[in-house]
Amino acid sequence: MSEDNLPPPVPHRRRPRYQGKNPRRFEEKYKEHGGDPETMAKVIAAGKTPVGTHRPIMVAEILEALAPQPGDIAVDCTLGYGGHAQEMLAKILPGGKLLGLDADPMELPKTEARLRALGFGAEVLTTHRSNFAGLPQVLAAQEIAGADLILADLGVSSMQIDDPARGFSVKHNGPLDMRMNPQRGQSAAALLEKIEPDALAGLLLENADEPKALLLGAALAGKSFATTQELAAAIQAALPHVAKADGQLHIRRVFQALRIAVNDEFSALETFLRNLPGCLKPGGRAAILTFHSGEDRRVKKSFDANFRSGVYSEISGEVLRATAEEQRSNPRSGPAKLRWARRAGG
Ligand SMILES: C[S@@+](CC[C@H](N)C(=O)[O-])C[C@H]1O[C@@H](n2cnc3c(N)ncnc32)[C@H](O)[C@@H]1O
């Protein structure tokens, strides 16, 4: 190629600059995105989660409940960043195999690549872009009659919350989406535009115990909100007598309720809980980490009923919580509740 027909030079793109000492916005955190070890260590020491990563919660308690052994077949129903999966893989090898499921088509390939780079090949780890409600079908396709251990760590990952483009968080302005799989279903913005006030009030009450459900249902239903911060501002404006700090609690509850509705989270969890005993080998163990009362209530009810009927031979007595130290070092572990169950027989 002569100099005359060389392609035009690619313009140099400047890194986003940030004001002050620490970057605040997602795209400014390029050192965390790039996995700079020194920056990552500083972020973790400050009790935060580096963007693009997720810190696994209650790892020791989960490993104790599931007691993974070499040769076990394990399922991580909510693979996320793969933190729990990595810990389980270390315990089930040699001879074991882990199936990692996740509904998120954007994060799953990144996590698979990360785990492969750590040396976990296709013979020990398979990943499946699937809702965990479809676990029986995933196991059948792999010709697995039952798993030794099954983990579900419910809700959204830090990668999803922290990425403004996913529209989960009020802290970062982004399109009001909230879908774990953006290729399916309707966004939170579309839901709000179509829903009737009474139906929205019911959803706010059922999914987040929102005390101002009626008022907020009337104020928000049928309206168009393009971004997360537009919705947050409308919630605050609908509650003129509520102090700003308390307003944040209402905003968080509305966001939680919409996320649950958009992703049909309760019906997926109920289907999963119904299928769970049939997906375990006799003597197999399941552990479920929940983050709010609507999830924990369903898990407790299902575990109790199956224990009474003899389907499970053992279940966790009291709910288990993250230690004070973990809660200090990773505030996202604060609301976590862990329950486990063991299938009878075996
Ligand atoms: C809290 S994160 C899991 C983090 C993971 N344990 C780790 O160590 O990185 C929850 C993950 O579950 C996924 N998820 C939530 N509901 C799901 C469902 N019904 N089926 C499949 N995946 C789901 C989300 O996309 C997210 O990646």
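1. Lysine 171 is located in the loop that connects helix 7 (158-162) and helix 8 (188-194); helices (H or I, at least four residues) and strands (E, at least two) are DSSP runs, numbered from the N terminus. Lysine 171 counts as partly exposed because it has 14 C-beta neighbours inside 10 Å. By definition, a residue is buried if 20 or more other C-beta atoms lie within 10 Å of its own, exposed if 12 or fewer, and partly exposed in between, with C-beta atoms placed from the backbone. A separation of 9.7 Å lies between the C-alpha atoms of lysine 171 and alanine 232, which are 61 residues apart along the chain.

2. The model is predicted: local features need pLDDT of at least 70, side-chain atom pairs count only at pLDDT 80 or more, and totals for chains, interfaces and linings use all residues. Residue numbers start from 1 along each chain as its sequence is written.

3. Strand 4 (residues 147-153) is largely enclosed by the rest of the structure, because 7 of its 7 residues are buried. Strand 4 pairs with strand 1 (residues 73-76) in the parallel sense over 3 bridges; two strands pair if DSSP finds at least two bridges between them. Within this pairing, leucine 149 of strand 4 is the bridge partner of alanine 74. Strand 4 also runs parallel to strand 5 (residues 280-290), with 6 bridges joining them, and isoleucine 150 stands opposite alanine 286 in strand 5.

4. Strand 8 (residues 337-343) is likewise largely enclosed by the rest of the structure, since 7 of its 7 residues are buried. Lys337, Arg339, Ala341 and Arg343 point one way from strand 8, whereas Leu338, Trp340 and Arg342 point the other way. In a regular strand the side chains alternate between the two faces of the sheet.

5. The pairings of strand 8 are antiparallel. Strand 5 is joined to strand 8 by 6 bridges in the antiparallel sense, and leucine 289 has leucine 338 as its bridge partner in strand 8. Strand 6 (residues 312-315) runs antiparallel to strand 8 over 3 bridges, with tyrosine 312 opposite arginine 343. Strand 7 (residues 320-321) pairs with strand 8 in the antiparallel sense over 2 bridges; here arginine 321 is partnered by lysine 337.

6. Which residues come nearest to the ligand? Of the 21 residues around the ligand, these are Pro56, Thr78, Gly80, Tyr81 and Gly83; a residue is near a molecule if its C-beta atom, placed from the backbone, lies within 6 Å of it. Helix 4 (83-92) and strand 2 (97-102) each supply at least two residues of this shell.
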